[in-house]
Structures are given as structure tokens and as C-alpha cells.
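Welcome, and thanks for taking a look at this chain with us. Please have the model open as you read, so that you can follow each stop along the way.

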Amino acid sequence: PIVAVSAEIVRIGPITGVTGAFDETNPTPNYEMRIDSERPTILALELQISPGNWIDADGYTWDPSMSVPLRAKVHDVEALGSEIRMRYWREHVDDFNSDGEAQEQEYGFLTAELSEGIAGEDTVTFTPNLDVSDNSNNGRVSLWFEGTDYAGWEYDNSGSAGLENDFATFYTATNTETVIISTTVQLDAVNEHLMAGQEHVFSVQ
């Protein structure tokens, strides 16, 4: 909504009044002010798996030998703020008290600049890429956001500290080839024959 604001003098001199004083102020124009009553929102947090190919970060498994390119899509009805901060926690790097819990004081952050004052959607990439090289196999990475829009409203669905409260959690695991141990291959054949119409079990490790 938009409201009109103007200034005027309602009294000349003290409340008891004055003699011979007149208001000679030139007429003042009206000014329009936009009222922002809605909080900004996070639409998505994505990671880049190949050039031009971005997917939802939540639940993904990432090879820790590569740093993680991350971007966020944000939206505000009236006007975005100047920046947004992404908080991150890497289980095998930032869990300083080794309790397996992501406490707020253990989170680091990356900051990205927004198109300040614009309405609608904006997409920002966080730099540098997130380093997860020391987050060993099956390590968790917790992510959430901090920031406000142009009017000072905090993000509505930004998540918070903790693996159960964050915006997204992904995992790190080394990308290795699957190896089949040949001595474990088993097939319940009868005299090296499969019986027609019967169920057979194949197992391997």
C-alpha cells in the first residue's frame, strides 16, 4: 500500500499565542510512502553439479574433493535488502565440541549482495565456493540464512541453527567405483541349471 505524507505548521509561536506573526511557508508537496507489511522469502537453495545444471541442495550427496558452488533464490513483494548471509556448518570441521549437534556459535557464513530495493525475485551466488574437503565420508553440511529486506523484515522461511531446523542439509561422500567381490557371487542353481517356473536367488557383495 501507498500513503501520502505532507508537512504543515499547525501553530505559530508558543501555545499561548503571538501577535503579528503569520505563516508565510510556501505550500509543501505531498510525498508518497510505500508501506511494506510482508516478509521476504527464500525460494530455493541450489548447488551446481555441472556447468549450467543447478539442483536442490537439500538431501544431495557431494564429493568432498570439490568445493561446492551454491546459489539462493529470494523474493520480496516490495523491496529486497542489500545482502543475504548464508550460515554453514560442516560436521567434521565445525563441530568444535564433538557432540554431533550443530550449535549456532559453530556456524560460519558466506555473504552475497542483492539488488537492493528491487521488488520480485533475485538469484545470488555465494563466493567463494564452500570448502568441504575436510568433511569426511557421510559428513553432514547444514545451511540456513540470515538477512532482512529493505524495510528491515527478516526472512520468513530462512531456517535456523540445528540439523532439524535448518533450511537444507546435504552430505559429503567420496565418489568411488563399486567393486564386486567375485568370491561372493552366489546363485542357487541345481547342478548349474536354473529350473523353469521356479524362483532363484542371486546374491553378491
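## A helix and its surroundings

Glu91 has its place in helix 1 (residues 91-94). The model you are viewing is predicted. Glu91 counts as buried because its relative accessibility is 16%, under the 20% limit for that class. Not counting residues up to four places away in sequence, Glu91 touches Asn135, Asn138, Gly139 and Arg140.

Four strands make an open sheet in the order 4-3-6-9, and the pairing is antiparallel. Strand 4 (53-56) and strand 9 (120-130) are the edge strands, each pairing on one side only. From one strand to the next, the twist averages 35°.

Within this sheet, strand 3 (residues 41-50) and strand 6 (residues 68-76) pair in the antiparallel sense over six bridges. Look for Leu45, which stands opposite Ala72 in strand 6.

## Salt bridges

How many salt bridges does the count come to? The count is seven salt bridges. One of them joins Arg71 and Glu46, whose side chains meet at 2.7 Å, N to O. This pair links distant parts of the chain, with Arg71 in strand 6 and Glu46 in strand 3, 25 residues apart. Both Arg71 and Glu46 are buried. Another joins the side chains of Glu146 and Arg87 (3.1 Å, N to O). Here Glu146 sits in strand 10 and Arg87 in strand 7 (residues 83-90), 59 residues apart. Glu146 is partly exposed, with a relative accessible area of 26%, whereas Arg87 counts as buried at 9% relative accessibility. Salt bridges with shared partners also join Glu46, Arg71 and Lys73 into one network.

A further salt bridge forms between Asp156 and Arg39, with the closest N and O atoms 3.7 Å apart. Asp156 lies in the loop between strand 10 and strand 11, and Arg39 in the loop between strand 2 (31-34) and strand 3, so the pair ties together parts that are 117 residues apart in sequence. Asp156 is partly exposed at 49% relative accessible area, and Arg39 is partly exposed at 38%.

## A buried loop serine

Ser158 lies in the loop between strand 10 (139-146) and strand 11 (168-172). Is Ser158 buried or exposed? Ser158 counts as buried, at 11% relative accessibility. Leaving aside neighbours within four places in sequence, Ser158 is in contact with Ile42, Trp144, Phe145 and Phe167.

## A nonpolar surface patch

On the surface, Ile180, Val185, Leu187, Leu194, Phe202 and Val204 form a nonpolar patch, together having about 580 Å² of accessible area. Leu187 lies in strand 12 (residues 186-187) and counts as partly exposed, at 44% relative accessibility.

Technical notes. Residues are numbered from 1 along each chain as its sequence is written. This is a predicted model: local features need pLDDT of at least 70, side-chain atom pairs count only at pLDDT 80 or more; totals for chains, interfaces and linings use all residues. Side-chain values use heavy atoms; hydrogens and water are left out. Helices (H or I, at least four residues) and strands (E, at least two) are DSSP runs, numbered from the N terminus. Buried means under 20% relative accessible area, exposed over 50%, partly exposed in between (1.4 Å probe, protein chains only). Contact means heavy atoms within 4.5 Å. Two strands pair if DSSP finds at least two bridges between them. Axes are lines fitted to C-alpha atoms, for helices over the stretch in contact, and angles run from 0 to 180 degrees between N-to-C directions. Patches are made of residues with over 30% relative accessible area and no salt bridge: like charges are joined within 9 Å, nonpolar side chains (Val, Leu, Ile, Met, Phe, Trp, Tyr) within 5 Å. Accessible areas come from the Shrake-Rupley method with a 1.4 Å probe; for residues, only the protein chains shown count as cover. A salt bridge is a side-chain nitrogen of Lys or Arg within 4 Å of a carboxyl oxygen of Asp or Glu.
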